[in-house]
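Please open the model in a viewer and keep the selection panel at hand.

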Amino acid sequence: MSESDSDNSNSDSGNAASFEASIQELESLVRKLEQGDMPLEESLKAFERGVQLTRSCQQSLRDAEQRVEQVIENSQGELETHPFPEDSSEA
């Protein structure tokens, strides 16, 4: 495994951990909002944070879908994998 492969796997596991943390935070916010005992201003802030988390999770899922789509069938009917191009705009 090359150094860049190692970096990619670390990045992938970091993305997965970030996704999981975002989902957990989102679930926590939903529970708090469902209780209905937060002041209005705090509820609005929680809702805004939930929207941010939802968008982040949706982007993570789109990125994962693109990675899966990188498996392509060649002209002989065999599956080939192609490296997923890194998006330099994520940093």
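Begin by selecting the buried residues of α2, namely Ser 43, Ala 46, Gly 50, Leu 53, Cys 57 and Asp 63. Here buried denotes a relative accessible area under 20%, exposed over 50%, and partly exposed in between, with a 1.4 Å probe and protein chains only. This is a predicted model, in which local features need pLDDT of at least 70 and side-chain atom pairs count only at pLDDT 80 or more, whereas totals for chains, interfaces and linings use all residues. Residues are numbered from 1 along each chain as its sequence is written, and side-chain values use heavy atoms, with hydrogens and water left out.

**Helix α2**

Helices (H or I, at least four residues) and strands (E, at least two) are DSSP runs, numbered from the N terminus. The 29 residues of α2 span 42 Å from first C-alpha to last, close to the 42 Å expected at 1.5 Å a residue; the expected span is 1.5 Å times one less than the number of residues.

Next, centre on Ser 43, which belongs to helix α2 and counts as buried at 18% relative accessibility. Beyond its neighbours within four places in sequence, Ser 43 is in contact (heavy atoms within 4.5 Å) with Leu 33 and Met 38. Move to Met 38: with residues up to four places away left out, Met 38 touches Lys 32, Leu 33, Ser 43 and Ala 46.

**The nonpolar core**

Now select Leu 26, Leu 29, Met 38, Ala 46 and Leu 53, the 5 residues of the largest nonpolar core. The elements contributing two or more residues to this core are α1 and α2. A nonpolar core is a set of buried Ala, Val, Leu, Ile, Met, Phe, Trp, Tyr and Cys residues joined through side-chain atoms within 4.5 Å.

Glu 25 is partly exposed, at 31% relative accessible area, and Arg 49 is partly exposed, at 32%.

**The whole chain and its confidence**

Finally, display the entire protein, which has 2 helices and 2 strands in the pattern α-α-β-β. Of its 91 residues, 14% count as buried. Colour by pLDDT, the predictor's confidence in each residue from 0 to 100: the mean is 79, and 73% of residues reach 70 or more. Among the elements, strand β1 (residues 71-73) has the lowest mean pLDDT (70) and α2 the highest (92). Over residues 1-9, pLDDT stays under 50, and the model has 2 contacts beyond four places in sequence for them.
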